[in-house]
Amino acid sequence: MKQPMFQTIYPYLRTNKKFPNVWCPGCGNGIVLGSLIRAIDRVGLSKDETAMISGIGCSGRLPVYVDFNTLHTTHGRALGFATGLKMARPEMKVIVIMGDGDALGIGGNHFIHAARRNIGLTVIIVNNLIYGMTGGQYSPATPTDSFATTAPYGHIEQTFDIARLAEAAGAPFVARSTVFHVFELEKLMEKALTKKGFAVVEAISNCHTCYGRQNGMSTPVSMLKWMRENSVPISAKDSKGEGKITRGILVDRDLPEYTELYDQVIERARAAGAEGLR
Amino acid sequence: MSGERFLQGNEACAEGALAAGARFFAGYPITPSSEIGEILSRRLPRVGGKFIQMEDEMSSLAAVIGASLGGLKALTATSGPGFSLMQENLGFAAAAEIPCVIVEVQRAGPSTGQPTSPSQGDVMQARWGTHGDHPIIVLAPSSVREFFNLTVRAFNLSEKYRTPVIVLADEVIAHMREKIALPAPGEIEVFDRMKPTVPPEWYFPFDDTTEVPPLASFGQGYRFNVTGVYHDKAGFPTMRPDEIEPWFERIFAKIEHHLDDIVEVEREMMEDAEIALVAYGASARSARSAMHAAREKDLKVGLVKLKTLWPFAEAAIDRVARKVGRIIVPEMNRGQVRLEVERVVAGRARVLGVNRYDGEIISPAQILSAIEE
C-alpha cells in the first residue's frame, strides 16, 4: 500500500532543491499536500495546465515543493492574484491554498468576494486553528476558550465557521475534513477539482507545535486523536454531531461561473460595437 | 480610435493603455481616477480583453499581477488612498519582476484630503511607498496628449525591464480636456516582453547572467516558482547571501544601466537661461506660462520639464546646476522634488520652491513673482 502511494506523489515533486521542507516534524501540511497531489493525479490534470497559488504562512510554502506553475504571493491576497490569472487563462486549473489566518483574517474580504463572484478556483483552506509561522497567536479560527500566545487567559472570541461563511457568500461547493480522515480529504479535494466555480475544501490540520502545545495536545498523535473524537460525518450530524465538527460535502449546487459569464460580456460588447452601447 | 478628438486626460490614458496592448484592468473606484476603469470596462471586452472591479485596491493590484503572469498586459488606476493600499503588492511586483502599470491620479492629501482637488503630494510615496529597497519607474504627464503617450511608454518600459511602472498624473491632467490627435495603431511603438526560447529544463526566470531575464507565461510549458521571498535564479526561496546579492544588484542594475532610455526630460529656452524652472505635471503648465511672461520682461528663464520622475533626472539637473544661478521648483506639495534637486545641485545654485498644498493649482503669476524676487 505504501509503495504505490509514494510512486503517485514522487513525479509531482520538485526534488532538485527544495527538500527537506520548512515544516515541523509531524505537521499536517504534508498530509494536505499529499492528499491534494493524489486528487490531482486522479482527476488527471496536466502539470502545465495547473497553477498553485498561496499566501503567507506555513501553508503558503506548499506550492514551492510541487512541479506546477506556482505562485507564492502576499499575506491574504492569494485570491486576488488567482482571480487575475484565472481571467487571463480560464483554461487553467487554478488551485489556491491558504491558511485560516490568511483566508479569513487578513484575506477575509477577498475570500467572501471571490466566493460571491463564483470564479472558477479550487480553494484549499488549511485550518490549523492558529497563526503557526509567527508562533501561536490566535486566528479567526481559534476555538473559543482555547489558549494562544496572545490569549494567555483564554480566547474570548467566536470563530468563523468557514463552511457557512463560504456558503452565505455564494460558493457552489463547500466541503470539510481533517488530516486524520486522509482518504476522505483526498476524495473531497477530487470532487472540488472537478466542480465548476469556486470550490472550497477546509482541511482541519494539526499544528501541535503552536496550537497543540498550548492546549494540552503537544504531539501530532494527540491532535489527530482530537480530530477523530471531535468530528462526525455529515450523515451522523443529527444523531452524534452535537458540538462537533461536521465532515463531508456541506454545499453542492450549480451556479454560473465568472469567467464563463465574462465570455458573454465579450460577446455582448462585440455585438454592441461602438454605437450600440447605451 | 485614431484621428483628432477632444479628450479628457483619463480618456487619453485609457486609449493609451489600449494602444499599448493592455488587455486586463482590475481596479477599485476612486476619485479622480474612476473614468479610466469605466472606459476600460466598455472598451476592453470589445477587443477580447477583460475588466474586473475588485473589492479593494490590494486585490486589484494582485489581480493585475496574476493576469500579467498569465501573459496579458495589465493595469490598474487609483488615487492616493488606494495607492497606499497597493504598496504591498507593488513591492511584490518589483521583487518578482512582473510587468504591470499603475496609474495614480494624485488628489489632495494626506488621508481623504480633498478628493476632487489637485495635488502632487505622492511623489515620494511613488518612490518609497513600499517597504524595502526596490527599483521603480515613475512617469509624470503634463498634458492630455502626454497622458496618452506616457501610458504607452509605461507599458513599454514595464515590458522591457520586467518591472512595475507608475504613471503619476494629477487631478488637473486627468480631468482637463484638450483636442489631441491620436496616432494610428501602426504609428505607435509597442514593446512586448521577451519570452524564453530555451527548453523548459534550461529556463531560469530570474537568471542572474542577464539583466532582464525573459518571462514565460503560466500555462505555457515553463513551470516555475514565483515568490516575494528572496529567491534564487529558479525562483526558489533562498537565504544564501551569494544568491540574494546578485539578484538584488541585478534588479537595480537593469534600471540604472538604462537611464538614457528611461529618464526623459524636455528643455525649453534653456540655451541662454539664467533662471531655470524645474517642473512636472500640471505645475509644468503654469511654469511654461510664467517662463513666457518672464521672457516678455527680458528675464532669461528656461524650463526643464521632468517626464520621468523616478529614477530622478540627475544628469539633466546636474547640467542645469552648472549653467544657472537660480532654480525654481514649483510643485503642489511642500517640496518633494525640490529635495531631489537640492541633492543634485549640492549648493552650486540657489534652489527655491514655489509650493501650494491648499487644493488649488499654482498660478503662473505665483511662479513669475518668485522669478522676479
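Student: Why are helices α5(A) and α6(A) called oblique to each other?

Tutor: The axes of α5(A), residues 108-117, and α6(A) come within 8 Å and cross at roughly 45 degrees, the axes being lines fitted to C-alpha atoms over the stretch in contact, with angles from 0 to 180 degrees between N-to-C directions. Angles under 35 degrees count as roughly parallel, over 145 as roughly antiparallel, 65 to 115 as roughly perpendicular and the rest as oblique, and the two helices are therefore oblique to each other. Helices here are DSSP runs of H or I with at least four residues, strands are runs of E with at least two, and both are numbered from the N terminus. This is a predicted model, in which local features need pLDDT of at least 70 and side-chain atom pairs count only at pLDDT 80 or more, while totals for chains, interfaces and linings use all residues. Residues are numbered from 1 along each chain as its sequence is written, chains are lettered from A and ligands numbered from 1 in the order in which they are written, and side-chain values use heavy atoms, with hydrogens and water left out.

Student: Which residues of α5(A) and α6(A) meet?

Tutor: A:Phe111, A:Ile112, A:Ala115 and A:Arg116 in α5(A) are in contact with A:Ile162, A:Leu165, A:Ala166 and A:Ala169 in α6(A), where contact means heavy atoms within 4.5 Å.

Student: What makes A:Leu129 buried, and what makes B:Ser111 exposed?

Tutor: Buried means under 20% relative accessible area, exposed over 50% and partly exposed in between, with a 1.4 Å probe and protein chains only. A:Leu129 has 5% and is therefore buried, whereas B:Ser111, at 62%, counts as exposed. Phi of A:Leu129 is near 70 degrees, a positive value in a residue other than glycine, and B:Ser111, also not a glycine, has a positive phi of about 55 degrees. Most residues other than glycine have a negative phi.

Student: How do you know that A:Glu202 and A:Arg176 form a salt bridge?

Tutor: A salt bridge is a side-chain nitrogen of Lys or Arg within 4 Å of a carboxyl oxygen of Asp or Glu, and for A:Glu202 and A:Arg176 the N to O distance is 2.9 Å. The pair links strand β6 of chain A, which holds A:Glu202, with strand β5 of chain A, which holds A:Arg176, 26 residues apart, and both residues are buried.

Student: Why is B:Arg5 called partly exposed, and why is B:Glu15 called buried?

Tutor: B:Arg5 has a relative accessible area of 22%, so B:Arg5 is partly exposed, while B:Glu15, with 7%, is buried. These two residues also form a salt bridge, their closest N and O atoms being 3.2 Å apart.

Student: What makes the pair of B:Glu97 and B:Arg250 a tie between parts that are apart in sequence?

Tutor: The closest N and O atoms of B:Glu97 and B:Arg250 are 2.7 Å apart in a salt bridge. B:Glu97 lies in the loop between α4 and β5 of chain B and B:Arg250 in helix α8 of chain B, so the pair ties together parts that are 153 residues apart in sequence.

Student: How many salt bridges cross the interface of chain B and chain A?

Tutor: The rule finds four across this interface, and A:Arg77 forms a salt bridge with B:Glu88, with the closest N and O atoms 3.0 Å apart.
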